[in-house]
Amino acid sequence: MAERPPRRCVLIVEDDDNIATALEYVISREGLDQDRVGNGADAVRRIRDLRPDLVLLDVMLPEVSGYEICRTVRQDKSLGDVKILMMTARGSTTERRKGLALGADGFILKPFELNELRNEVRRLLGAGAQTGP
């Protein structure tokens with residue numbers, strides 16, 4: 001019997017409980033494992049411990065910004081496979097450019113449509129995003 005590949009994991013770094021709940025809903029519907037951190041100070045440590053396939057990273061976080069977290073993750077060569085989707089309510093082109101320049105793999109504006117988020121998650125994780133039963 002063929003062994004089932006391990007489920008993919010998404011780390012949600014978001015301080016707003018309502019937004020985090022929406023993100024958790026989409027991730028669970030995609031059949032992905034998930035974890036959550038509510039502040040920037042704990043995010044890098046959790047990324048290093050968990051080694052998620054994807055990080056949904058809010059830009060404006062308590063203690064440490066999403067931009068700084070993205071920069072730190074991208075400087076750590078051992079985390080090179082971790083995809084980062086940055087999220088912000090600031091809709092300027094400058095914000096998007098800054099996130100992508102720091103190494104984010106994608107950038108999504110809040111409030112987001114659930115289908116838009118689902119499509120970005122699938123794009124970043126590839127065709128194998130749905131690994132649930």
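Biologist: What order do the strands take in the open sheet, and is the pairing parallel or antiparallel?

Modeller: The order is β2-β1-β3-β4-β5, five strands in an open sheet with parallel pairing. Strands here are DSSP E runs of at least two residues, helices are H or I runs of at least four, and both are numbered from the N terminus. Two strands pair if DSSP finds at least two bridges between them. This is a predicted model, where local features need pLDDT of at least 70 and side-chain atom pairs count only at pLDDT 80 or more, while totals for chains, interfaces and linings use all residues. Residues are numbered from 1 along each chain as its sequence is written, and side-chain values use heavy atoms, leaving out hydrogens and water.

Biologist: Which strands are at the edges?

Modeller: β2 (33–37) and β5, each of which pairs on one side only. From one strand to the next the twist averages 20°. Angles run from 0 to 180 degrees between N-to-C directions, with axes as lines fitted to C-alpha atoms, for helices over the stretch in contact.

Biologist: How many bridges join β1 to β2?

Modeller: Five, with the two strands running parallel. I12 of β1 stands opposite R36 in β2.

Biologist: Is β1 mostly covered or mostly open?

Modeller: Mostly covered: five of its five residues are buried. Buried means under 20% relative accessible area, exposed means over 50%, and partly exposed lies in between (1.4 Å probe, protein chains only). C9, L11 and V13 point one way from β1, and V10 and I12 point the other way.

Biologist: And at the other end of the sheet, how many bridges do β4 and β5 have?

Modeller: Four, in the parallel sense. M86 has F107 in β5 as its bridge partner.

Biologist: What else does M86 touch?

Modeller: Leaving out residues up to four places away in sequence, M86 touches L57, V59, G66, Y67, C70, G99, A104, G106, F107 and I108. Contact means heavy atoms within 4.5 Å.

Biologist: How many residues are in the largest nonpolar core?

Modeller: There are 21, and V55, L57, I69, I84 and M86 have the most contacts inside it. A nonpolar core is a set of buried Ala, Val, Leu, Ile, Met, Phe, Trp, Tyr and Cys residues joined through side-chain atoms within 4.5 Å. Two or more residues come from each of β1 (9–13), α2 (40–50), β3 (54–58), α3 (66–75) and β4 (83–88). α3 gives the largest share, four residues. There is also a second, separate core of 16 residues, including L56, I108, F112 and V121.

Biologist: Back to α3. Which of its residues are buried?

Modeller: G66, Y67, I69, C70 and V73. They are on the same side of α3, because they cover an arc of only 160° around the axis. The arc is taken from the directions from the helix axis to the C-beta atoms. These buried residues pack against α2, β3, β4, α4 (93–101) and β5 (106–109). α3 lies across β3, β4 and β5 and runs at about 170° to β4.

Biologist: Which helix packs on the sheet by touching β1, β3, β4 and β5?

Modeller: α5, whose direction makes about 175° with that of β5. R118 is in that helix, which covers residues 114–125. R118 counts as buried at 16% relative accessibility. Beyond its neighbours within four places in sequence, R118 is in contact with V26 and E30.

Biologist: What about α2, which residues are buried there?

Modeller: G40, A43, V44 and I47. They fall within an arc of 90° seen down the axis, so they line one face of α2. They pack against β1, β2, β3 and α3.

Biologist: Last one: where is D15?

Modeller: D15 is in the loop between β1 and α1 (17–29). At 34% relative accessibility, D15 counts as partly exposed. Not counting residues up to four places away in sequence, D15 touches R36, G38, D58, M60, L61 and P62. D15 and P62 are 47 residues apart along the chain, with their C-alpha atoms separated by 7.5 Å.
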